[in-house]
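Dear colleague,

I am passing on the structure below, followed by some notes on what was found in it. Please read the notes alongside the coordinates.

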Amino acid sequence: MSKKFKLIPLAAALLSTSLYASVDKISIEQLPVLKQESQHSAATKRITNYFTRSHYKLIKLDDELSSAVYDRYLKSIDYSKNLFLKSDIERFERFRYEIDNALVKGNLAFAYEIFNLNIRRRFERFEYSLSLLEKEMTFTEQDSYQYDREDATIPTTKAELHEIWRQKVKFDALRLKMAGKDWKGITEVLEKRYRYTLKRISQTSSEDAFQIVMNSFARSIEAHTSYLSPRRAEQFKMDMDLELEGIGATLGVEEDYTVIRGLIPGGPADQSDKLKSDDRIIGVAQGNEGFVDVIGWRLDDVVDLIKGPKGTTVRLQYLKGLDSHGSPLEVAIVRDKIRLEERAAKSSVYQPVYSEVDTKIGVIEIPGFYNNLSKDVKKELAKLKEQQVDGIIIDLRGNGGGSLYEATQLSGLFFDKGPVVQIQNINRKIEKHRDVDGVTYYDGPLTVLVDRYSASASEIFAAAMQDYGRAVVVGEQTFGKGTVQQHRGLGKRFDLYENPLGSVQYTIAKFYRINGGSTQHKGVIPDISLPSPIDPAEWGESQEENALPWDQINRARYTSIQDLNGAVSFLAEKHAARIKSEPEFTYIYDDIARYNKEKDKTSISLVESDRIKERESDKKLVLSRANERLKRLGKAEIASIEDAPDILERFDPELEETVHITSDYIKYGRYAKH
């Protein structure tokens, strides 16, 4: 997906007066001078109160914390060290030990002084970038772009800053040249891009600065403590409920337009039969009111206009597709509740692409632990039972967690009753979350597939299945997040602020496996590991700044359902033999070797011939692998990767191998019974 698109799933609404977007020339004098708004003082005090009184970690507001917040704030707004000069940083140094007092008083003047200079520096950098387009660049002489500057030194002169940004602009230009554009085409694209960036800088709001400084405070305390702006708080609720109220569309930004990137099937926008992907929204009206022109608006502000309560009407004015010069059209849409089905659990009977198994394996994919997940999984289990599957895989790859309650409920679907997880609160008291219904909804062979992105609630479920001996866990060592967060709104009933307050999430407890161990830092170690390019020691919670430490508590009282040691040994032996001759795993190991060779690179060549050589080598490798796969399928070779059939997109080597492991597990169970 192109990085010029910022996507926000929503419920939708918009506006219009002028029809055509133009690249406005913004001057530095038009930049806003931001200052703290009235609600931010109250929010700061309330956030500080929650963090210091209710956080699992004992927090002391002192110079040490103040210094940590200061460093994190600067890093947040100038991560690549390509905006501020060393002299700017020296000017700010007077704030280093004042932040703790500022938080108590609710006075964040220091943050706005730094932030205002930051947006000026960003503006200056993109103005300089525009000036570089006046002279045609060549890409034959030795040159490179340092894209990773996390460990770079802070520039001391404008000349150093100029050099950093010269490299960046040249990098942008070379990418366009390699896409087939001449210098005129390159300058047209980059001038538009940079001028739109200047415009968006001029639209920066007070809330933007507040969000960054509050999260600098939160993350200086602990890795999973955060502030959510009013918009993010609302998005959080939608993510947990998998439900929103609006028109059911995904919006993005392209140049000065709000663009429809997709429609939720069955949603109000989809049912209108008028709006389609790539349509450009230029105006929004509420009910019978007049249209508001939204060309050039920030995406978040357009989203606020579009979404609204179920049953209300929003009217959109839009241009069809990519035609910016056609006549504007209008559509009236009645907002409704939208179920985000694409992020709900779903099941299928998996058919291997390149191999065969003589068992029928069902897969339930769970993207997140949202509210009512366990009810959805019950339905999917019923579907798979009707299809008479021999075994089931629970796919938790990429699942970052969610509801602790749902983790307990989901676990309880696979055994009668007993503890699922232990929770230690701020007072160090232990509470056990149990399944108590005495019902097992599925008692057949079960495999849990995880990766390094599986975290939190995913780890609770995988650990419980492992500790009970209920399932074989396959995949990568998981993320290692063993903490529990509470979500609290900052607003109060008696507030009279013009703008709403956001909310906070902060850690209130740690969770532990029923065997007493913590998943914090260590995660869940699979019974059968699949190859990974990342060393677990270099990934996950253990690499998060201010993460809570690993520890353990007493084992809970529970009885394992079965001892899987014999089964795991049998499966591991079969797995090892199989992947020796499996070409897909040869590819994976080759990719791991290449990743390890290149992972420490911080720069890239700006010599066109070098880049073309690298690109052609990559394309040749991809095409070669595609044709090897097609040969295995008995299909004709292709001359270009663009001609690849859809079947190649469906192939998932990790899942396919897990299907084989599950099939072996089923056979082992049959063998063991005899």
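In this predicted model, G475 stands opposite S529, which belongs to strand β21. The two strands concerned, β18 and β21 (residues 528-529), pair in the parallel sense, and two bridges connect them.

Strand β18 also pairs with β17 (residues 446-450), to which it runs parallel and is joined by four bridges; within that pairing, L449 has V474 of β18 as its bridge partner. To get from β17 to β18 the chain passes through helix α14 (residues 457-467), and the β-α-β crossover made in this way is right-handed.

As for the side chains of β18 (residues 472-475), V472 and V474 point one way while V473 and G475 point the other way, and all of them are buried.

Helix α5 (residues 109-132) has 24 residues and spans 35 Å from its first C-alpha to its last, which is close to the 34 Å expected at 1.5 Å a residue; it is mostly covered, with 18 of its 24 residues buried. Helix α2 (residues 63-77) packs with α5 at an angle of about 25°, the axes being 11 Å apart. Because angles under 35 degrees count as roughly parallel, α2 and α5 are therefore roughly parallel to each other, and the crossing in which α2 passes α5 is right-handed.

With best regards

Definitions and conventions
Residues are numbered from 1 along each chain as its sequence is written. This is a predicted model: local features need pLDDT of at least 70, side-chain atom pairs count only at pLDDT 80 or more; totals for chains, interfaces and linings use all residues. Side-chain values use heavy atoms; hydrogens and water are left out. Buried means under 20% relative accessible area, exposed over 50%, partly exposed in between (1.4 Å probe, protein chains only). Two strands pair if DSSP finds at least two bridges between them. A crossover is right-handed if, with the strands pointing away from the viewer, the path from the first strand over the helix to the second runs clockwise. The expected span of a helix is 1.5 Å times one less than its number of residues. Axes are lines fitted to C-alpha atoms, for helices over the stretch in contact, and angles run from 0 to 180 degrees between N-to-C directions. Angles under 35 degrees count as roughly parallel, over 145 as roughly antiparallel, 65 to 115 as roughly perpendicular and the rest as oblique. A crossing is left-handed if the near helix is turned anticlockwise from the far one by less than a right angle, and right-handed if clockwise.
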